[in-house]
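Let's take a walk through this model together. Keep the sequence and the 3D view open as you read.

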Amino acid sequence: MKILLCSDGTPSSDKATQLTSVLAPRCQAGITLLGVAEKPSDEQALQLALEKEAELLRAANLSVQMIVRAGDPIRQVVDLSAANKFDLTIIGARGQGPSGLHLRSNKTYEFIKAVHSPVLVAMSECEELRRFLVCTGGKAFIDEAVRLTGEIAACTGASVTLLHVMAEP
């Protein structure tokens, strides 16, 4: 399995790194750690933050390739994903509120729509993976989500619940 871990060096990215450190060894995954500096003045701080995250992953005996780019983060992730077939992209996100559409930011939602691989959003710390919930309305992309979730569950020994939601007639 190939994982793309995206980081902006913030505490929400630390949650994604921590989740990756739980998932990757169990699935024997290779990790590409990507950071994108939107402004040239952010590049040095981002580099330092990524090095800390890479050390945390290497301390868990994980192989990490670190990449720092400049520009629009979504565009850079889409371009990198086009050149490398990642099985999963992991990002951190800051919660916007307790429920509903405000649970994730518009930028997170734009990211999920743009990236070609499945995206796992780390909203909080996770020390183990025990249960997965896959929600479906039966649309075209669900087959890949179920396959990937099954693969991850098999690696981690987790259970999967499939919730199928239908519109009222």
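**A walk through the fold**

At 14% relative accessibility, T149 counts as buried (under 20% relative accessible area, with exposed meaning over 50% and partly exposed in between, using a 1.4 Å probe and protein chains only). You'll find T149 in helix 5, residues 142–156; helices here are DSSP runs of H or I with at least four residues, strands are runs of E with at least two, and both are numbered from the N terminus. Skip its neighbours within four places in sequence, and T149 is in contact (heavy atoms within 4.5 Å) with F132, V134 and V160.

A quick word on ground rules: this is a predicted model, where local features need pLDDT of at least 70 and side-chain atom pairs count only at pLDDT 80 or more, while totals for chains, interfaces and linings use all residues. Residues are numbered from 1 along each chain as its sequence is written, and side-chain values use heavy atoms, leaving out hydrogens and water.

Now for the greasy part. A nonpolar core here is a set of buried Ala, Val, Leu, Ile, Met, Phe, Trp, Tyr and Cys residues joined through side-chain atoms within 4.5 Å. The largest one has 29 residues, and M1, I3, L5, L23, I90, L129 and I152 have the most contacts inside it. Two or more residues each come from strand 1 (2–7), helix 1 (11–26), strand 2 (30–37), helix 2 (43–59), strand 4 (88–92) and helix 5. Helix 1 gives the largest share, 5 residues. Click on I90 and, leaving out residues up to four places away in sequence, you'll see it touch I3, L4, L5, C6, A16, L19, T20, L23 and L120. A second, separate core of 13 residues includes V77, F86, F111 and V115.

Next, look at helix 3 (residues 73–83) and helix 4 (residues 106–114), whose axes come within 10 Å and cross at roughly 20 degrees. Those axes are lines fitted to C-alpha atoms over the stretch in contact, and angles run from 0 to 180 degrees between N-to-C directions. Helix 3 and helix 4 are therefore roughly parallel (under 35 degrees) to each other. I74, V77 and V78 of helix 3 meet K107, E110, F111 and A114 of helix 4.

Last stop: E53, in helix 2. E53 is buried, with a relative accessible area of 4%. Not counting residues up to four places away in sequence, E53 touches S7, G9, S13, D14, T17 and L33.

Terms used
Parallel < 35°, antiparallel > 145°, perpendicular 65-115°, else oblique.
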